[in-house]
Amino acid sequence: MPDLLLELFSEEIPARMQAQAADALKKLVTDALVERGLLYEGAKAFVTPRRLALAVHGLPGRQADQREEKKGPRVGAPEQAVAGFLKSAGLASLDQATIQSDPKKRDFYVAVVEKPGRATTEVVAEIVPDIIRKFPWPKSMRWGSGTLRWVRPLHSIVATFGAEGDEPEVVHFSVDGIEASNVTRGHRFMAPEPFTVKRLDDWMAKLEAAKVVADRDRRKEIILNDAKDLALAAGLELVEDEGLLDEVCGLVEWPVVLMGSFEERFLDIPDEVIRATIRANQKCFVLKDPKTGRLANRFILISNLVASDGGAAIVAGNERVIRARLSDAKFFWDTDRLNGLASRMPKFQSITFHEKLGSQAERIERIVRLAKELAPKVGAPVALAEEAALVAKADLLTEVVGEFPELQGLMGRYYAQGENLPAEVAAACEEHYKPQGPNDRVPTAPVSVAVALADKIDTLVGFWAIDEKPTGSKDPYALRRAALGVIRIVLENGLRVKLLEAMPFSWRLLPLAVQRAYLHGKFSAEAASTDAKDEPSLAAKEILGRLMAGGREGEALEAELYAPAARQQASDLLAFFADRLKVYLRDRGARHDLVDAVFALEGQDDLLLVVRRVEALAGFLATEDGRNLLAGYRRAVNILRIEEKKDGRAFAGPTSAALLKEPAEEHLAAAIEDVKARVSKAVAAEDFEAAMTALSDLRQPVDAFFDAVTVNAPDPALRENRLKLLDEIRAATRGIADFDRIEG
C-alpha cells in the first residue's frame with residue numbers, strides 16, 4: 001500500500017518546542033486521515049532543528065465509496081420541507097427519491113446518496129494546508145508580506161505519495177505561496193544544495209548523505225555514546241544529564257562531539273556551581289574524575305559541523321566563554337563567603353513574602369517558632385531546629401543563588417559547612433525544601449524534618465487563611481506539592497504528628513490582620529446568610545458589630561474567637577490533606593473510598609494512623625466476613641433510611657433490652673455491645689488488626705437477625721426498637737470507619 005511523506009523545512013525550530021511539535025503533527029494528520037475514512041498501518045514523526053516531518057505507512061490509494069440513506073419528510077409535506085430535503089440530498093426532483101412506509105408516521109421520502117471515494121492525494125492536499133496554517137506552536141511569527149504564521153520562516157514543503165517500487169507522485173498544494181514538491185535541502189553549511197526525494201527510506205538516506213540525522217532518538221544516541229567514549233579515552237566519566245541531552249539534540253542536525261578544558265583553579269568552586277554555569281551558558285556536559293569523585297577540568301561540547309581544523313577553533317571559543325563565566329561564578333562564591341549567613345537575615349525585613357502574609361523575615365520567624373514546636377514530636381533537638389530554621393533561607397540572598405536559583409538550599413548547606421555550623425543545621429539548609437516532586441527523596445534527619453514540616457505547614461496555613469486555595473488545574477503557590485510533601489515526610493519516616501495541633505498553632509502565628517480578616521469574613525457571611533429573625537444570624541451580626549467597633553471589648557472578643565477559628569480552618573485544610581492522601585495512596589494501589597471512610601471520622605489527623613487503619617480495613621473487606629458484613633450493613637442502613645424518611649425522624653440507639661423479643665435480636669444486641677467494647681479497646685491500643693477481627697464477629701449475628709426477625713413489626717414500640725438496633729450496627733462500625741462511604 002502507498003506511503004505518505006511530508007516534510008516542513010524552515011529556519012531553526014527552538015529545541016524546547018521540537019518534541020511537542022513532532023507529536024502534534026503526527027496526531028493532527030493521522031486524526032484527519034482517519035476521520036475521512038483513510039486508515040493507515042503506522043506513522044512516525046521526525047524533527048531536527050530545521051525540519052518537521054511525518055511518514056504515514058500503509059494508506060489506501062483512495063477513499064471507499066459511500067452509500068447513505070437520507071430520510072426526508074412525509075408524503076404530502078409542505079413544499080418548503082420538500083425543497084429543503086431535495087437540496088440537502090442533492091436531488092433534482094422527488095422522482096429521484098423512493099417512498100418507504102412507517103405504520104406510525106405514514107409514508108415518507110428517502111434519498112439514496114452515493115458518494116464516490118476521492119483519491120488520497122486529494123484528501124491530503126485538502127487537510128495539510130489547514131493543519132499548517134493552524135499548527136499549535138507555543139509562539140509563532142509572520143515574515144515578509146505573507147499571512148502565514150509559523151514558528152520560524154517556512155521555506156519549503158515536501159509531500160509525496162506512492163507505493164514501494166513505484167515512482168511516488170507529488171501531492172500538489174500550496175501554503176502562502178509555498179508550493180509542495182519533492183525537493184529538500186541538507187545541512188545548512190555542509191550540504192546546502194537542493195535535492196529530490198521519493199519516500200521515507202530515500203529521504204532518510206539522502207539526508208544522511210547531506211549531513212543530517214533525521215531521527216531524533218538516533219541523534220541522542222550518537223551524542224551520548226560519543227561523549228562517553230571521548231570521556232573514557234581521557235580516563236574520565238561523563239556526568240549524564242537527560243534534560244541537557246534533549247536540548248542539545250535539538251540544536252544540531254549532524255552532532256560532532258568535542259572536548260574542551262578550563263583552568264584547575266576553578267575546581268575550588270562547588271561542583272554543582274561549575275555544572276550549572278557550564279550547562280546554562282554553553283549547553284555543555286561536565287566530566288567527573290572517577291579517582292576523586294569530583295568534577296574534572298574538562299567539558300564536552302556538541303558541534304553542528306565537521307570543522308576543517310578538527311574543531312580546534314570551536315573548542316577554543318567555548319573555552320573562552322566558559323573561562324569568563326567560571327570567573328564570575330568564582331567571584332560570586334568568594335564574595336558570598338566573606339560574610340556569614342546570619343548577616344543576611346536583616347535584609348529579609350524589606351523583602352515581601354506576600355502582601356497579606358508579611359515580609360520574608362516575618363515568615364522566617366513563624367517557621368522558627370513552628371519548627372521548635374514540632375522538634376520534640378519528630379525527635380529533633382529544639383535548639384538545633386531553631387538554629388536551622390533561622391538560617392535555612394539565608395542563601396536566597398547570596399550571589400550564587402541569585403545567578404542560579406535552582407541551587408537554593410544546596411548552597412545554604414555549603415555556606416553553613418564553611419562557617420562550621422552543626423552538621424544537622426547544614427543538612428537542614430538543603431533538605432528543608434524536599435521533597436520537591438513525587439520522585440524526590442524526603443528528608444530523614446530529625447532537624448531537617450522539623451524545618452521541612454514547618455516550612456510547608458506555614459505555607460499551607462498562610463495561603464489557606466487568605467483564601468488563596470488551588471482551583472482546578474491552577475496552583476500558583478504549589479500548595480498541592482506542599483501537602484504531598486508533608487504526607488510523604490510523615491509516612492516515609494513513620495512519624496506521629498497531629499495536624500489538628502500543628503495547624504492551629506501555625507494559624508496563631510499569622511499576622512493579626514490576617515486572623516482578623518478571617519474572622520470578619522466568617523461572621524459577615526454568617527450574618528448575611530440567615531433571616532434577621534433567626535437567632536444565629538443575630539448572634540453573628542452582634543459579634544461582627546463588636547469586632548468592627550474595636551477597642552478593648554472588640555480585642556477581647558477577637559482573642560476569644562481565635563482558637564475556634566484556628567480549629568475550623570485546620571479542619572478545612574485537613575480535608576485538602578485527605579484529597580492529597582488519596583492521590584498518594586492511589587498510586588500505591590489503595591482505594592480512595594477507604595481513605596474517605598476513615599477521614600470521615602472526627603479527628604483523624606494522624607496520617608500514619610489513618611494509613612494503617614485504611615490498610616487494615618482493606619484487608620478486612622477482602623475477606624468473606626468483610627464482604628458479607630458490608631452487605632449486611634448496607635441492608636440495615638437502607639431499611640433505616642427508608643423508615644426514617646417515612647416517619648420524618650431519626651432512630652438512634654441504644655435499644656431497650658425489655659423489647660428484645662426474638663433470640664436473634666437478643667444475640668445481635670449482645671454481639672454489638674461486645675464488638676463496640678473490643679473495637680474501642682483495640683483502636684485505643686492502635687491494634688487495627690484486632691479491631692477488624694472484632695468487627696468480623698458481627699457477621700453471623702447480623703445475618704441471623706435478617707433471616708429470623710421482621711424489622712417493621714406491627715407493634716410500633718417493637719418496630720422502633722428494632723430500627724434502633726439497626727442504628728447500633730452502624731454505630732459499631734463507626735469505631736473503624738464510616739461504612740457509608742465505602743464503594744463496591
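One aromatic cluster is formed by F135, W137 and W150. In the whole structure, a search finds twelve aromatic pairs, where rings of Phe, Tyr and Trp (its six-membered ring) pair if their centres lie within 6.5 Å. The structure is a predicted model, in which local features need pLDDT of at least 70 and side-chain atom pairs count only at pLDDT 80 or more, while totals for chains, interfaces and linings use all residues. Residues are numbered from 1 along each chain as its sequence is written, and side-chain values use heavy atoms, with hydrogens and water left out.

An open sheet consists of three strands in the order β4-β6-β5, with antiparallel pairing. Strands (E, at least two residues) and helices (H or I, at least four residues) are DSSP runs numbered from the N terminus, and two strands pair if DSSP finds at least two bridges between them. Because β4 (66-74) and β5 (98-100) stand at the edges with a single partner strand each, one side of each is left without a neighbour in the sheet. The antiparallel strands β4 and β6 (residues 108-115) are joined by seven bridges, and Q66 stands opposite K115 in β6. Helix α2 (residues 79-89) packs on this sheet and touches β4 and β6, contact being defined as heavy atoms within 4.5 Å.

Helix α13 (residues 423-431) is mostly covered, as seven of its nine residues are buried, that is, under 20% relative accessible area with a 1.4 Å probe and protein chains only. Among these buried residues are V425, C429 and E431. Their cover includes α10 (382-391), α12 (410-418) and α14 (446-465).

Definitions and conventions: Axes fitted to C-alpha atoms, helices over the stretch in contact; angles between N-to-C directions. Buried < 20%, exposed > 50% of the residue type's maximum accessible area, 1.4 Å probe, protein only. Phe/Tyr/Trp six-rings, centres within 6.5 Å; stacked < 30°, edge-to-face > 60°.
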